[in-house]
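Morning, everyone. Please look at the model on the screen, and I'll walk you through one chain and its partner.

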Amino acid sequence: MEIDLRGKVAVVTGAGRGIGKSTAIALAEAGADVVLAARTLSQLEEAALQIRSKGRRALPIQTDVTQKESVEKLMSSAHDQMGGLHILVNNAAIMAPGPLMEQSEEAWDRVMAVNLKGVFLCTQSAGHYMIKKQYGKVINLASTGGVVAGPNNASYHASKAAIIHFTRSVAIEWIRHNINVNAIGPGMVSTELVEQFIQGGKRESILKGIPIRRFADPEEVANLVVFLASDLSNYVVGEHVIIDGGLTIP
Amino acid sequence: MIVRLSNKVAIVTGSGRGIGEAIIYRFIEEGAKVTLCDVDEKALKAVKSKVDEMNGTCLLAVGNIADRDFVGKMVDNTIKAFGTLDVMVNNAAITRDAILHKMTQAQWEEVMDVNLKGTFNCLQAAATYMRSQGKGTIINISSTSRYGNVGQLNYATSKGGVVAMTRTAAKELCRKGVTCNCISPGTIWTDMLKAVPEQGQERLKAGIPLGRFGEPEEVAHLAVFLASDEASYITGQTINCDGGSFMA
């Protein structure tokens with residue numbers, strides 16, 4: 001099947017690298033025009049070049065998802081300059097790994113601000129346009145860490161568990177507006193964020209815990225985002241689809 | 001994104017009608033060769049003639065998946081005819097609805113025979129071949145009835161069992177290059193649902209946040225995605241396709 005997103009405008013947060021960048025490019029390959037948001041503009045420009053080389057429009061916007069004005073500017077620019085806002089991928093996230101007893105209040109607040117409040121602000125702000133048009137696809141990047149517990153990352157895990165239930169709650173509220181809200185739970189993906197967590201030569205022991213014996217490529221997660229961003233998944237509502245090579249099969 | 005099943009060989013059980021039939025047509029559209037399987041020969045022949053119209057390639061297997069010999073032959077014949085088996089869709093299932101205190105032993109056993117033992121037979125036969133090849137994917141069809149559904153103690157139990165089979169098979173097969181996932185459809189507009197009186201249908205619809213029944217094609221789209229190479233990192237998962245009735 002050809003997933004055809006021509007005529008759709010997608011906003012991807014955290015689009016400068018990792019899953020966000022792969023997702024932005026995959027959405028463009030499927031035909032969407034893409035608004036790229038992140039704190040570091042230079043990384044966005046690089047992704048935008050790749051998207052434009054595929055014949056799609058790209059609009060990089062420096063954004064702090066924890067700031068309401070910044071998020072509202074992102075969404076209004078997307079809508080006004082690109083001519084719509086059909087798909088939102090809430091991907092931006094940070095991690096402050098370490099034992100709980102060593103977690104500072106500032107680190108906790110920062111994780112919650114980016115990972116959770118950022119998703120709230122972006123979803124609400126995009127919802128303003130989506131509800132008006134009675135169409136939308138919201139895909140939240142959660143994590144297997146939001147389902148299965150592990151040591152030394154409590155703030156990240158808590159934020160991701162919250163996103164999974166936020167997804168369900170908004171899904172049930174917005175489906176009457178023809179807006180599908182779903183979440184994706186990646187396991188170990190080859191990204192800088194994961195490298196940050198596994199630094200110190202833990203890679204081999206982590207690989208042993210993944211039945212498929214490899215990390216995911218960001219592109220594999222992006223494939224799932226594209227499917228959930230398309231009308232082929234209209235009957236999938238409020239789901240958290242895990243993509244983890246068998247890491248967390250209950 | 002182009003999702004294709006070019007040159008893949010698939011078996012879809014219960015493909016005489018409903019969700020299984022829809023999966024067949026979508027698989028054919030994406031370039032797969034398929035084996036149709038159902039107890040209802042007349043229904044299968046009707047599906048085959050549509051597949052022929054689409055210039056698709058298919059093989060017929062008429063029989064009951066509860067019969068191990070039949071399942072073994074179906075898998076063998078498929079591999080003989082098409083050279084391999086890449087995708088096994090375990091969709092065949094029956095209902096024998098009754099409220100708990102009125103459920104007969106026969107109603108319990110008939111459902112378990114097809115939905116659990118039949119699915120096991122197919123899963124095992126397909127997995128045995130796929131692990132020897134070091135590749136393949138299995139898609140089981142459960143149901144949101146697995147969360148509990150009045151009048152379906154037998155069916156709901158069997159569909160919960162299908163999820164457990166999915167997880168266990170995924171764990172066992174992962175290192176052999178074989179993935180196993182499950183789709184859990186909600187209330188889909190099939191013959192099973194059309195048989196429900198109109199009042200009952202309205203009640204069911206009222207419980208779906210999306211406000212409508214699902215089309216068999218919507219389940220089939222998800223099956224195509226899971227059967228494709230694009231879904232290669234997904235295994236052991238059960239995905240509800242239910243308009244938001246249950247969110248997992």
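What radius of gyration would a compact globule with 248 residues have, and what does chain B have? The rule says near 18 Å, and chain B has 17 Å, which agrees. That radius is taken over C-alpha atoms, and the rule is 2.2 Å times the number of residues to the power 0.38.

Some ground rules. This is a predicted model: local features need pLDDT of at least 70, side-chain atom pairs count only at pLDDT 80 or more, and totals for chains, interfaces and linings use all residues. Residues are numbered from 1 along each chain as its sequence is written, while chains are lettered from A and ligands numbered from 1 in the order in which they are written.

Back to chain B. Its C-alpha atoms fill a box of roughly 50 × 35 × 35 Å along the principal axes. Buried residues make up 51% of the 248; buried means 20 or more other C-beta atoms within 10 Å of a residue's own, with C-beta atoms placed from the backbone.

Chain B has eight helices and seven strands. These are DSSP runs, numbered from the N terminus: helices are H or I, at least four residues, and strands are E, at least two.

Now the partner. The contact takes 33 residues from chain B and 35 residues from chain A. Two residues are in contact if their C-beta atoms, placed from the backbone, lie within 7 Å. Which element of chain B gives the largest share of its side? Helix 8 of chain B does, with five residues.

Note on methods:
A residue is buried if 20 or more other C-beta atoms lie within 10 Å of its own, exposed if 12 or fewer, and partly exposed in between; C-beta atoms are placed from the backbone.
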